[in-house]
Structures are given as structure tokens and as C-alpha cells.
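Student: Could we go through the salt bridges in this one together? I'd like to take them pair by pair.

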Amino acid sequence: MGVQTSLRTTCCKAALGPPNPTKSGRATFASLRSPFGQPAAGCLAALGSYIPSEQGWLYLAVVIDLCSRRIVGWCLRDHLRSDLVVEALDSALAARRGTLGIIFHSDRGSQNGSSAFRQRLRAAGMEQSMSARANPYHNA
């Protein structure tokens, strides 16, 4: 038997509304709020990583559903341009239905702030949330 740990569902702090705990004390899906106080449909987050390979560096962009803690989209390329995160978002959008009102949290990287990425979020009806300026711990 392995050690079983309890993980808490997390979301960006701006999206958490008044506490709405279950019997276990965990936040429920209903406690997610948009920055405007309206119930949020969910919260996604973007993560990126560099992977060394024999051919050079590979760049991985991942989209995680913070409510279910599952990877819902990803993209692996040999470049770090904005279409890397756009393709990861497209992969996530293809896996989900009903993206209206979802909060998408990411760091302040140039790819996540690009006009192509922001237009794709707007077209899907999602709200963008970015980490605080000069705060590398905001995404931890």
C-alpha cells in the first residue's frame, strides 16, 4: 500500500469567492468567482517547460484545469513563439465544451500576452488573469 495524500483544489486567488466548503473542508466548484463577482465556469492555468533533447531544446506548453487538476491541452515545439501557447489553448478548447466565463491564469510571459493569444481567449469567451508584476511566486 502506498501513502495516500489529500490534495486541495486550488484556483487563482482573484477567482476565489466567499468560502463554500464541503464536509471535507475543500472549496467547491461553486466557490469560484470571476474578478467581477460573478460565478466563474472554471479556472485554467498555463505552464511552460524547457526539455533538453539530442536535437536541441524543446518547449512544452501545458493547459491545466485547476478544478479537476487534469491536463486538458498541450503543445510541444522546437520554438518558444506565441503560436506554441495558442496551439496548447486550441488543444484545451477542443477537449472542453462551454468555455464562456472560464478564467485563464498564466504568468506574464510574452507568449501569454501576445495579441494572437489574447484574441483566442476573447473569441472563446474566457477571462485572462496574469500573475502580479515582478512576483515569481504568484504562480507557485
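Student: Which residue does D65 form a salt bridge with?
Tutor: In this predicted model, D65 forms a salt bridge with R96, and the closest N and O atoms of the two are 2.6 Å apart. The pair links distant parts of the chain, since D65 sits in strand β2 (residues 56–65) while R96 lies in the loop between α1 (82–95) and β4 (103–106), 31 residues apart.

Student: And is D65 buried or exposed?
Tutor: D65 counts as buried, because its relative accessibility is 10% and the cut-off for buried is under 20%.

Student: Okay, how many salt bridges are there in the whole structure?
Tutor: A search of the whole structure finds 3 salt bridges. Another of them joins R77 and E87, whose closest N and O atoms are 2.4 Å apart; R77 belongs to strand β3 (residues 70–77) and E87 to helix α1, so this pair, 10 residues apart, also links distant parts of the chain.

Student: Why does R77 count as partly exposed?
Tutor: R77 counts as partly exposed because its relative accessibility is 32%, which falls between the 20% and 50% cut-offs.

Student: What about R120 and D90, where are they?
Tutor: R120 is in helix α2 (residues 115–123) and D90 is in helix α1, 30 residues apart, and the pair links distant parts of the chain. Their side chains meet in a salt bridge with an N to O distance of 2.5 Å. R120 is partly exposed at 32% relative accessible area, and D90 counts as partly exposed at 30%.

Notes: Residues numbered from 1 in each chain as written. Predicted model: local features only at pLDDT ≥ 70, side-chain atom pairs only at ≥ 80, totals over all residues. Heavy atoms only, no water. Salt bridge = Lys/Arg side-chain N within 4 Å of Asp/Glu carboxyl O. Helix = DSSP H or I, 4+ residues; strand = E, 2+ residues; numbered from the N terminus. Buried < 20%, exposed > 50% of the residue type's maximum accessible area, 1.4 Å probe, protein only.
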